[in-house]
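My entries follow the order in which I looked things up.

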Amino acid sequence: MTIVRLKISQIWQLVLPVVMKCWALSGAAVFTFLLVYWAYGGLLALFLLCFAITGIFYHIQDSLLYHPGESFQSRVFVQTPSVLGLPYENVFMRSIDGTLLHLYFIRQPEEKVSQVPTLVYLHGNAGNVGHRLHNAAELYNNLHCNLLMLEYRGYGLSKGSPSEEGLCMDARAAVDFLTSRPDINQRLIIVFGRSLGGAVAVDLAARPEYSARIWCLILENTFTSIPDMAFTLMHW
């Protein structure tokens, strides 16, 4: 019995240090695992949060930049040029990607329509072309030109949703529309861009296939780029 106890005691003395080392190593391993998980888990959570926020802003950036409706009526009712006594055509046409666009073509009297310049009016942010009719009347009466008032996608009666690429496509489609009309002087096409429309006008004029069709470019109260505008507004 003593021999057995001695053997058990000896075995225990041999095993105990091994068990203690294993326990210490296991404890260190668990601690290390928890430390790594806490550090990298926090970084992973931060990364996922930043990724989610970036994704949200990416998908809502257009709604932050573009404001088609000053009110609900802006998307369902557009004042017509007839309220100011301007002769016009109510035009619906497809943009380059097939989006249905609304335009007003305000034309000079028949004997002058093919002799005078035609101005493509690219309006600013918010509202619809009906909100720019008084300005259009001044241009019509003082410059004696035809006007094509483009309503960007997502604005007024035009379908779709506004985006930088979409607005630029709409402007190109407007010039294509004019160059398909035999009743105007296609060598006298003026592109006028105000505020947001100025950026669209610059993009249009920068394209060689369209700059050759533009006789004159007019910019009013516009900006150099969206990042520059963000810096001005947010003071980043």
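Entry one, conventions. I am working from a predicted model, in which local features need pLDDT of at least 70 and side-chain atom pairs count only at pLDDT 80 or more, while totals for chains, interfaces and linings use all residues. I number residues from 1 along each chain as its sequence is written, and I take side-chain values from heavy atoms, with hydrogens and water left out.

Entry two, the count. I looked up salt bridges (a side-chain nitrogen of Lys or Arg within 4 Å of a carboxyl oxygen of Asp or Glu), and the count comes to ten.

Arg107 sits in the loop between strand E2 (100-106) and strand E3 (118-122), and Asp183 in the loop between helix H3 (164-179) and strand E5 (189-194), so that the pair links distant parts of the chain, 76 residues apart. For these names I rely on DSSP runs numbered from the N terminus, helices being H or I with at least four residues and strands being E with at least two. I noted both residues as buried, where buried is under 20% relative accessible area, exposed is over 50% and partly exposed is in between (1.4 Å probe, protein chains only). Arg107 and Asp183 also belong to a network of salt bridges that links them with Glu89, Glu110 and Arg181.

Because Asp176 lies in helix H3 and Arg213 in the loop between helix H5 (208-211) and strand E6 (216-220), the pair ties together parts that are 37 residues apart in sequence. I read Asp176 as partly exposed at 27% relative accessibility, and Arg213 as partly exposed at 26%.

Arg194 is in strand E5 and Glu220 in strand E6, so the pair ties together parts 26 residues apart in sequence. Arg194 is partly exposed at 22%, and Glu220 is partly exposed at 33%.
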